[in-house]
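The entries follow the order in which I looked things up.

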Amino acid sequence: MKIYAAKDYADLSRKAANIISAQVIMKPNAVLGLATGSTPVGAYKQLIEWYNKGDIDFSQTFSINLDEYQGLSGEHDQSYRYFMNHNLFHHINIKIENTNVPNGLAEDAATECLRYNNIIKTLGGIDLQLLGIGGNGHIGFNEPGSAFEKETHLVTLTDQTRQSNARFFSSIDEVPTHAFTMGIKSIMSAKKVLLLATGNAKAQALYDSFFGPVTPGVPASILQLHNDCIVIADEAALSLIREKTGWESVTYDN
């Protein structure tokens, strides 16, 4: 595991985009596991900028997203398909047919989960999985207590997660109660994992995930066992690690 400190959000975004772009340059037909939320937006903007400059080509690249709300169509402005289209896919030359997001309107959840697992396997697995981290240590929509051996599955969202996401909806009542998510087994099967964290609200989760015991109570803690995990975090998110460990290996990598 490597932990890199970022000076600020722009620095974090550039560092993340550098790692993602290097993966695509080294393997043009790479399979990128992508995430939604405010944290990766800056990295996506940087990738778009480099694409527009001609520095990176996504024409052979595949993507597979972590999750999607159940009950939302891809045209809904709070669906994760909509998010990815508007924050990345429609601004680069990736083929839309090579991008994958769970179908939030699937009539049979079990069939949809099986379909999504098969996509990952057919593509040969994920080369690089991008992650954020929840304040309770969740990754994707794998909440505390999630079984480590699960692949794609349907989850009931916790009240905390729904409250956290309510800011994107008109009211808490509009926030879906369920979501499809890649399971922890799927995430751990990725060849490389890149986790991003910003802000004081993520400091405890980051400390617990990488300096506490490996436990389903902190889903991201399983990443301690991954062969190639990179964490990029700003100083606020790293504050508790620095305070409690004095670990000087957390340094800027300029």
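**Helix packing**

The model is predicted: local features need pLDDT of at least 70, side-chain atom pairs count only at pLDDT 80 or more, and totals for chains, interfaces and linings use all residues. Residues are numbered from 1 along each chain as its sequence is written, and side-chain values use heavy atoms, with hydrogens and water left out.

I looked up the geometry of the pair: α1 (residues 9–26) and α2 (residues 41–52) pack at an angle of about 60°, with axes 8 Å apart. Helices here are DSSP runs (H or I, at least four residues), as are strands (E, at least two), numbered from the N terminus. Axes are lines fitted to C-alpha atoms, for helices over the stretch in contact, and angles run from 0 to 180 degrees between N-to-C directions.

I then listed the contact (heavy atoms within 4.5 Å): α1 contributes Tyr9, Ser13, Arg14, Ala16, Ala17, Asn18, Ile20 and Ser21, and α2 contributes Val41, Gly42, Ala43, Gln46, Leu47 and Trp50. These residues divide into 8 nonpolar, 5 polar and 1 charged. Ala, Val, Leu, Ile, Met, Phe, Trp, Tyr, Cys and Pro count as nonpolar, Asp, Glu, Lys and Arg as charged, and the others, Gly among them, as polar.

I turned next to α2 and α3 (residues 80–87), which pack at about 40° with their axes 10 Å apart. That angle makes α2 oblique to α3. Val41, Tyr44 and Ile48 of α2 meet Phe83, Met84 and Asn87 of α3.

**Cavity and pocket**

I searched a 1 Å grid over the protein atoms alone: a cavity is a set of points where a 1.4 Å probe fits but cannot get out, and a pocket is an open set with protein on both sides within 12 Å along at least five of seven lines; lining residues have an atom within 4 Å of a point.

I found 1 cavity of 30 Å³ or more. The largest cavity holds about 50 Å³, and its lining has 9 nonpolar, 2 polar and no charged residues. Among them are Ile20, Leu47, Thr61 and Ser63.

I recorded about 840 Å³ for the largest pocket. Of its 36 lining residues, Thr36, Gly37, Ser38, Asn165 and Arg167 are the closest to the centre. α5 gives the most to this lining, with 4 residues.

How values were computed: Points joined across faces, edges and corners; volume = space filled by probe spheres on them. Parallel < 35°, antiparallel > 145°, perpendicular 65-115°, else oblique.
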